[in-house]
Amino acid sequence: MKFWKLHGAGNDFIVIDDRENKVNDYSYLAKKVCHRHFGVGADGLLIIKKSDDYDCKMLYYNCDGSQAKMCGNGIRCFAKFAYENNIVDKENFDVETLAGTQQIRLNILNGMVDSVKVNIGKPNFNPKHIPVDTNKEKFINEDIIVDNKKINISTVLLGVPHTVVFVDEINKDQVLKYGELIEKHNIFPQNTNVNFVKVIDEENIVVSTWERGCGYTLACGTGISASAFIANYLGKTSNKVNVVSEGGKLFIEIIDDIVYMQGPAVKICEGILEGI
Ligand SMILES: N[C@@H](CCC[C@H](N)C(=O)O)C(=O)O
């Protein structure tokens with residue numbers, strides 16, 4: 001089976017076209033091909049499927065084999081693969097995901113997809129939907145205890161669950177240690193992605209993410225979007241924010257509570273997966 005490997009701000013993916021339903025276990029395939037030593041190596045696997053109602057459908061699996069409903073950096077790479085392989089022939093199209101329909105707008109340069117803008121919808125504050133185990137109506141600006149330390153967090157659902165921790169400085173050791181502890185804290189029955197956010201000024205933030213299902217990644221698209229949304233919601237930033245992560249930059253705009261994410265999609269290589 002043919003594959004492409006791409007990255008979006010350093011968050012890397014294997015993309016396959018399985019509209020003919022040839023693969024029967026995507027979880028197994030994700031673990032196998034995403035392995036950094038025994039596979040191609042990636043943070044996740046993206047699969048193109050046929051959609052009854054939209055231009056195409058995206059499925060996503062983390063490198064540990066768990067399925068997630070949405071992937072922000074992934075959908076930009078997915079859109080580049082779909083357009084450059086003539087699976088869709090439009091510059092604006094709709095992708096069905098398990099988190100709802102995502103509207104894609106491609107920026108084309110010399111016939112190739114250079115960057116992609118995605119309407120990833122409105123963040124959902126409802127703890128039952130995120131889910132967060134609490135009686136509160138929202139879980140914003142709340143203290144939790146992690147390893148005997150009080151940590152202030154805010155959590156929303158933006159396709160997948162995202163928790164934001166504002167910090168004075170980004171410290172990778174802290175992201176690795178507290179990221180995993182917060183991810184698996186018992187108030188999160190389905191775990192959470194964890195974003196450590198430094199606000200530089202009204203229009204610039206830095207985000208470092210610990211991801212559910214893959215650990216530390218160089219960037220997380222839905223995480224960066226949720227971070228920009230919460231920073232704006234709490235009055236720390238404006239509705240247009242440049243976001244820097246270790247692997248690259250994204251631009252986030254919030255209009256009427258809808259989050260628009262814009263960023264790169266870069267092809268690394270292509271090849272054939274044997275024995276699939
Ligand atoms: N890297 C992604 C998010 C992927 C899903 C996440 N790890 C989860 O399991 O919730 C992004 O760019 O949004």
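R212 is found in the loop between strands β13 (204-211) and β14 (215-217); helices (H or I, at least four residues) and strands (E, at least two) are DSSP runs, numbered from the N terminus. Residues are numbered from 1 along each chain as its sequence is written. The model is predicted, and accordingly local features need pLDDT of at least 70 and side-chain atom pairs count only at pLDDT 80 or more, while totals for chains, interfaces and linings use all residues.

**Annotated positions.** UniProt positions are given in the numbering used here, feature names are shortened, and annotations may be inferred rather than shown by experiment. Not counting residues up to four places away in sequence, R212 touches E183, N191, T192 and N193; two residues are in contact if their C-beta atoms, placed from the backbone, lie within 7 Å.

When its neighbours within four places in sequence are left aside, N193 is in contact with V160, P161, H162, T163, T209, E211, R212, C220 and G223.

The unreviewed UniProt entry also places the feature "active site" at C71 and C220. Although these two are spread over 150 residues of sequence, they cluster in space, with a largest C-alpha distance of 7.9 Å. C71 is found in the loop between β5 (67-68) and α2, whereas C220 lies in the loop between β14 and α4. Not counting residues up to four places away in sequence, C71 touches G44, Y60, G221 and T222. For C220, with neighbours within four places in sequence left aside, the contacts are N11, G72, N73, N193, T209 and E211.

**Burial of selected residues.** A residue is buried if 20 or more other C-beta atoms lie within 10 Å of its own, exposed if 12 or fewer, and partly exposed in between; the C-beta atoms are placed from the backbone. The table applies this rule to several residues.

| Residue | C-beta neighbours | Class |
|---|---|---|
| R212 | 25 C-beta neighbours inside 10 Å | buried |
| C71 | 30 C-beta neighbours inside 10 Å | buried |
| C220 | 34 C-beta neighbours inside 10 Å | buried |
| A79 | 28 C-beta neighbours inside 10 Å | buried |
| G100 | 12 C-beta neighbours inside 10 Å | exposed |

G100 has its place in strand β7 (residues 100-109). G100 and W4 are 96 residues apart along the chain, and their C-alpha atoms are separated by 25 Å.

**Domains.** The protein chain is divided into domain 1 (2-121 + 268-272) and domain 2 (139-256); these bounds come from an automatic or database domain assignment. The C-alpha centres of domain 1 and domain 2 lie 23 Å apart. Contacts between them involve 18 residues of domain 1 and 18 residues of domain 2. The side of domain 1 that touches domain 2 consists of seven nonpolar, eight polar and three charged residues. In this classification Ala, Val, Leu, Ile, Met, Phe, Trp, Tyr, Cys and Pro count as nonpolar, Asp, Glu, Lys and Arg as charged, and the others, Gly among them, as polar.

**Surroundings of the ligand.** The ligand is surrounded by 18 residues, of which A68, G72, V160, G221 and T222 are the closest; a residue counts as near a molecule if its C-beta atom, placed from the backbone, lies within 6 Å of it. By class, this shell holds five nonpolar, eleven polar and two charged residues. Helices α2 and α4 (221-233) each supply at least two residues of the shell. Domain 1 and domain 2 both give residues to the shell around the ligand, so it lies between them.

**The nonpolar core.** The largest nonpolar core has 80 residues, and those with the most contacts inside it are V15, L45, F78 and A79. Helix α2 (residues 72-84) gives the most to this core, with seven residues. Because domain 1 and domain 2 both give residues to this core, it lies between them. Such a core is a set of buried Ala, Val, Leu, Ile, Met, Phe, Trp, Tyr and Cys residues joined through C-beta atoms within 7 Å.

Two of its residues may be described further. A79 lies in helix α2 and, leaving aside its neighbours within four places in sequence, is in contact with I104, L106, V113, V116 and A265. A79 and G111 are 32 residues apart in sequence and 14 Å apart in space, C-alpha to C-alpha. L45, with neighbours within four places in sequence likewise left aside, is in contact with F13, I14, Y26, L29, A30, V33, C34 and Y61.
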